[in-house]
Amino acid sequence: MGQFLAVVIDGLIYSSWLFIIAVGLTLIYGVMKILNIAHGSLYALGAFTSVTFTSAWFAHGYPVMGSYAMLALAAVVVGLVAGPVIERGLLRFLYGKDEVVLVLVTYALFLILEDLIKLVWGVDPLFVQGPKGETPYALLGNFTIGGLTYPTYNLLLVGVAVITAIVLTWVLARTRAGKLLVAVIHDRETAAAMGVDVGKTYFVTFTLGAMLAAVGGALTAPTVSVVTGMGAEVIVIAFAVVVIGGLGSLPGAALGALIVGLVRAASIHYRPELELFAVYFVMAVVLIVRPKGLFSAAEVRKI
Amino acid sequence: MKLDRTTVTIAVVTVVLLVAGPFLPAWMTSLLRISLCYGIVVLGLMVLMRTGRVSFGHGLYFCLGAYAAAAHDKLANTLAEFGDASSLAVVRGALRLPKLLVDAVSGAFGPYDIAVMLVFAVVVTGLTAWILGFLLRKYRDIFFAMLSLAFSMILYGLLVKSSALGSTDGFNIAAKSLAGIKLEDESLRNAIYATIVLVAMVAAWLVNLYLRTHRGRLAEAIRDNELRVEYMGASVRNTIHINYVMSAVLAGIGGALMAIHIGHIDPEMSYWTTSGEVVFIAILAGTGSVLAPFLGALIFETIRSFAYEYSPNTWQMALGITMLLVILFLPGGLWSLFGKMRKAA
């Protein structure tokens with residue numbers, strides 16, 4: 001029973017983390033039809049930037065509590081800088097190209113950003129840590145549930161994921177901007193014909209998506225050593241999440257994150273040698289049974 | 001019979017590579033060997049891409065070919081042990097076959113014979129692709145790419161955790177003979193070089209022949225419009241299946257040759273970045289000719305090794321920028337430059 005509980009809690013924590021990253025990916029795909037490999041690099045950028053920001057914060061001797069604000073600031077800055085630069089500077093020249101070519105474009109971008117990170121931050125592992133070794137990760141203390149102790153920081157992760165899901169669902173369903181976004185997701189041409197500014201939608205979506213990737217990175221940074229190449233691992237598992245859920249679907253990303261998170265937690269606890277295998281096996285099975293993922297809209301047949 | 005240009009070019013390139021080989025400096029032959037191995041994999045991907053399908057998991061066959069070649073004895077033993085546990089005589093017999101085969105061939109040629117390793121890689125990748133093909137042939141676009149990605153990551157996930165095959169470190173292998181002829185040091189290096197050149201060029205020649213057949217030409221029609229191909233009475237699925245198996249076998253051969261050349265294999269060969277690189281080279285080169293993949297691979301490897309030598313932290317950036325420039329300004333790939341030159345002349 002204890003182990004089962006551990007699987008569920010580990011799984012939920014891991015799912016929250018996955019969701020924060022995958023939701024940006026699925027949003028960008030839904031609106032722009034770009035499967036963005038560079039999403040992994042944006043995640044890494046978020047992590048590295050938050051190391052820089054928190055170090056500066058600690059260097060001034062400000063209270064450790066404020067480092068959370070620095071994490072958030074790092075994510076916002078990365079989103080607001082990298083998003084527009086990539087969308088305006090590169091992607092807008094390529095809209096309308098084949099989906100696979102666009103994947104390749106983002107792959108090229110991924111390679112460029114990986115090296116950019118190495119040039120700026122070097123190749124040594126970095127840590128989000130104060131002068132006396134205090135970290136935002138340990139600062140919140142621990143909580144105990146069913147005899148198992150977890151760092152409270154993990155609750156923050158779950159909270160951010162839930163809030164992101166609620167806010168995004170609300171925006172898409174209830175606000176004017178959100179409804180326009182949904183219109184573009186369903187049919188770009190008709191939306192454009194009805195007077196929706198598709199270019200602006202793309203710009204906003206990509207910036208938002210980039211910011212979500214950076215949030216994922218910034219929240220991860222205090223829990224791990226920040227190393228180059230961290231984006232490559234993340235992107236492929238985020239692909240699994242969005243493909244399982246159905247590309248471009250918000251509830252799909254949530255369900256996909258839950259499935260991948262729980263499967264991984266279960267295999268780590270019961271059959272650790274199958275950890276990676278299990279995740280991609282589930283991805284393959286879902287694709288075989290439901291080729292377009294679990295939450296895919298019926299598509300209008302095009303000849 | 002009138003020889004077409006491509007066949008003549010292939011023959012000339014083969015002769016030049018074979019004759020020049022012994023006189024070239026070691027770094028250059030090494031570069032050539034790696035480029036040719038990669039070129040075979042990209043050639044395979046090109047065969048698949050003609051049907052409009054792009055695999056983001058071709059590392060699966062690249063890796064499988066390498067492991068099949070390097071661990072054929074281990075694989076055969078494992079299969080036989082697996083079969084012995086079964087109570088069905090048919091299963092026991094079937095799973096014992098590979099071991100009998102490996103033992104017989106090793107008895108004739110000696111262990112780790114290059115020819116045996118290649119044949120084993122072809123059989124394993126061909127069979128795997130034939131089975132997976134039944135699933136994959138129904139998919140297209142991004143879903144095809146993602147399902148093949150999932151398969152390659154499954155292999156990666158299995159290999160990193162299998163301690164018998166060296167987990168993440170992989171293991172070293174050393175070829176010992178070619179078709180029964182014992183080889184050492186100098187003669188081994190030359191034999192490997194000659195094998196790679198010959199296999200690559202024969203593969204290019206055969207693919208070129210295939211693309212001119214009725215079935216070969218169907219692929220492009222499928223890319224343009226599947227429905228019309230079906231109305232004409234041709235089978236879209238069968239054509240895709242055939243091209244898929246062919247492309248997998250080519251990737252397997254490339255992987256096996258790479259393993260033999262480098263002498264070391266690891267699960268990274270099945271990681272998504274490897275598959276990405278292969279697609280990258282294919283787009284870089286363009287699908288204009290069966291020789292384009294080899295040129296693309298050579299350019300890719302040259303950029304990689306020189307950029308890595310002089311600026312280890314920016315070689316990926318150099319590749320990324322090259323890629324973006326090609327996509328933006330040369331949508332047909334580098335090979336389309338030849339066409340433009342011909343038109344201009």
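Me: In which helix does Leu209(B) lie?
Reply: Helices are DSSP runs of H or I of at least four residues, strands are runs of E of at least two, and both are numbered from the N terminus. Leu209(B) belongs to helix α8 (residues 185-211) of chain B. Please note that this is a predicted model, in which local features need pLDDT of at least 70, side-chain atom pairs count only at pLDDT 80 or more, and totals for chains, interfaces and linings use all residues. Residues are numbered from 1 along each chain as its sequence is written, while chains are lettered from A and ligands numbered from 1 in the order in which they are written.

Me: What radius of gyration does chain B have?
Reply: The radius is taken over C-alpha atoms, and the globule rule is 2.2 Å times the number of residues to the power 0.38. For 345 residues a compact globule would have a radius near 20 Å, and chain B agrees, with 20 Å. Chain B contains 15 helices and four strands.

Me: How many residues of chain B are in contact with chain A?
Reply: Two residues are in contact if their C-beta atoms, placed from the backbone, lie within 7 Å. Here 37 residues of chain B are in contact with 33 residues of chain A. On the side of chain B that touches chain A, α7 (141-161), α12 (272-285) and α14 (315-329) each supply at least two residues. The largest share, 16 residues, comes from α7(B).

Me: At what angle do α11 and α12 of chain A pack?
Reply: Axes are lines fitted to C-alpha atoms, for helices over the stretch in contact, and angles run from 0 to 180 degrees between N-to-C directions. Helix α11 (residues 250-270) of chain A and helix α12 (residues 275-289) of chain A pack at about 150°, their axes being 8 Å apart. α11(A) is therefore roughly antiparallel to α12(A), a term for angles over 145 degrees. Among the residues of α11(A) that meet α12(A) are Ile259(A) and Val263(A).

Technical notes: Parallel < 35°, antiparallel > 145°, perpendicular 65-115°, else oblique.
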